[in-house]
Amino acid sequence: MEIREAELVVSAPSKAHWPESELPEIVLAGRSNVGKSSLINTLCGRKALAYVGNTPGKTRLLNFFDIDHHFMFVDVPGYGFANASKQMLIQFGEMMEDYFSSRSQLKGLILLVDMRHAPTEDDITMADYARYYEIPFVVAATKLDKVPRSQQSKQINVIAKALACAPEAIIPFSSITKQGREELLEAIDALFNPEEPESE
């Protein structure tokens, strides 16, 4: 799969602003400093499609991106940032719960984790959340370029153990070198076209 066109459709502050669309949707979720915007820009071959800021936690809305009129990326508020009020965190939680539980267009989740560190409790909760709602998900381990090659395999195993998934299910990714871009695009394509179990 290769992305040719991408555009921001709407930044939705509430359910009333979600786009009326039949396109399948892929959610991108992760900590506020994990590199979601950079990953979106890298996948789409664009420098400034998604906002990349110096202050983590700038994404306060659900941002819907139309990808080739084939599907949508939905960039959700990053979790784990310290400068959000308790009320704001509750609002985020309610918005996410509403989206995950009621949005029929939702077909899959890309869970971004920082390859330099073990997954946080929030990361583990998000993986459990996806399993609870039976949402297929892919794990993208970002900032690969910041991890020495000798440590990469070890870090992947740490992430896999924490998230209770196979190491092969984790895609190391760098928005700097673009390593992992093709593998992640293939994994996204597979979310739309799951392999049918072989009949005996």
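Biologist: Let's begin with Lys-15: is its side of the story buried or exposed, or something in between?

Modeller: Lys-15 has a relative accessible area of 43%, so it is partly exposed. One caution: this is a predicted model, where local features need pLDDT of at least 70 and side-chain atom pairs count only at pLDDT 80 or more, while totals for chains, interfaces and linings use all residues. Also, residues are numbered from 1 along each chain as its sequence is written, and side-chain values use heavy atoms, with hydrogens and water left out.

Biologist: Which side chain does Lys-15 meet in a salt bridge?

Modeller: A salt bridge is a side-chain nitrogen of Lys or Arg within 4 Å of a carboxyl oxygen of Asp or Glu. Here Lys-15 meets Asp-98, at 3.8 Å from N to O. Lys-15 sits in the loop between strand 1 and strand 2, and Asp-98 in helix 2, so the pair ties together parts 83 residues apart in sequence. Helices (H or I, at least four residues) and strands (E, at least two) are DSSP runs, numbered from the N terminus. Asp-98 is partly exposed too, at 28% relative accessibility.

Biologist: How many salt bridges are there in the whole structure?

Modeller: The search finds 7. One of them joins Glu-2 and Arg-181, 2.8 Å from N to O. Glu-2 is in the segment before strand 1 and Arg-181 is in helix 5, so this pair ties parts that are 179 residues apart in sequence. Glu-2 is partly exposed at 35%, but Arg-181 is buried at 11%. Glu-182 joins Glu-2 and Arg-181 in a network of salt bridges.

Biologist: Now rings. How many aromatic pairs are there?

Modeller: Rings of Phe, Tyr and Trp (its six-membered ring) pair if their centres lie within 6.5 Å; planes under 30 degrees apart are stacked, over 60 edge-to-face, and the rest tilted. By that rule there are 8 pairs. Take Trp-18 and Tyr-99: they are edge-to-face, with 5.5 Å between centres and 85° between planes. Trp-18 is in the loop between strand 1 and strand 2, and Tyr-99 is in helix 2, 81 residues apart. Both are buried. Phe-71 and Phe-192 make a tilted pair, because their centres are 5.1 Å apart and their planes are at 50°. Phe-71 belongs to strand 4 and Phe-192 to helix 5.

Biologist: And the sheet: in what order do its strands come?

Modeller: Strands of a sheet pair through backbone hydrogen bonds, either parallel or antiparallel. For the bookkeeping, two strands pair if DSSP finds at least two bridges between them. This open sheet has 7 strands in the order 1-3-4-2-5-6-7, with mixed pairing. The edges are strand 1 and strand 7, each pairing on one side only. Strand 1 and strand 3 run antiparallel, joined by 6 bridges; Val-10 has Phe-64 in strand 3 as its bridge partner.

Biologist: Where is Thr-142, and what does it touch?

Modeller: Thr-142 is in strand 6, and it is buried, with a relative accessible area of 2%. Contact means heavy atoms within 4.5 Å. Leaving aside neighbours within four places in sequence, Thr-142 is in contact with several residues, including Val-34, Leu-39 and Phe-173.

How values were computed. Buried means under 20% relative accessible area, exposed over 50%, partly exposed in between (1.4 Å probe, protein chains only).
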